[in-house]
Amino acid sequence: MTRHSPNTWRNVEYAVAQARRVMEKQNLETLPSQDKLKNSGWGCLANAIYRYHGGFPKFRTILGEKLPK
């Protein structure tokens with residue numbers, strides 16, 4: 001994975017694009033958990049979601065995923 005400036009990860013469109021890329025590469029319909037992202041080499045995305053985009057529940061809504069009740 002290429003290193004990017006922290007400002008790159010603050011851009012929600014970039015983070016969404018990277019999340020969709022992960023989902024496509026891993027053939028997933030939903031975003032993996034924070035731990036799964038970190039274990040598969042996508043720790044930067046997991047950190048950006050947590051730090052800049054309101055956490056995983058909010059980011060999942062940005063992706064259009066339905067949250068479990």
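A salt bridge is taken here as a side-chain nitrogen of Lys or Arg within 4 Å of a carboxyl oxygen of Asp or Glu, and the legends below apply this rule to a predicted model.

**View 1. The salt bridge between Arg 60 and Glu 65.** In this predicted model, the side chains of Arg 60 and Glu 65 come together at 3.0 Å, taken from N to O, and because the limit for such a pair is 4 Å, the two residues qualify as a salt bridge. The count by this rule is 1 salt bridge. Both partners, Arg 60 and Glu 65, are buried.

**View 2. The surroundings of Glu 65.** Glu 65 lies in the segment that follows helix H5, which spans 56-62. Its relative accessibility is 13%, and Glu 65 is therefore classed as buried, since the class covers values under 20%. The side chain of Glu 65 also reaches the backbone nitrogen of Leu 31, at 2.7 Å.

**View 3. Gln 18 within helix H2.** Gln 18 belongs to helix H2, made up of residues 12-25. With a relative accessible area of 9%, Gln 18 is buried, because this value falls under the 20% limit. Apart from neighbours within four places in sequence, Gln 18 is in contact with Trp 9, Trp 42 and Leu 45.

Terms used: Residues numbered from 1 in each chain as written. Predicted model: local features only at pLDDT ≥ 70, side-chain atom pairs only at ≥ 80, totals over all residues. Heavy atoms only, no water. Buried < 20%, exposed > 50% of the residue type's maximum accessible area, 1.4 Å probe, protein only. Helix = DSSP H or I, 4+ residues; strand = E, 2+ residues; numbered from the N terminus. Polar contact = N/O pair within 3.5 Å; in protein donor to acceptor, adjacent residues only side chain to side chain. Contact = heavy atoms within 4.5 Å.
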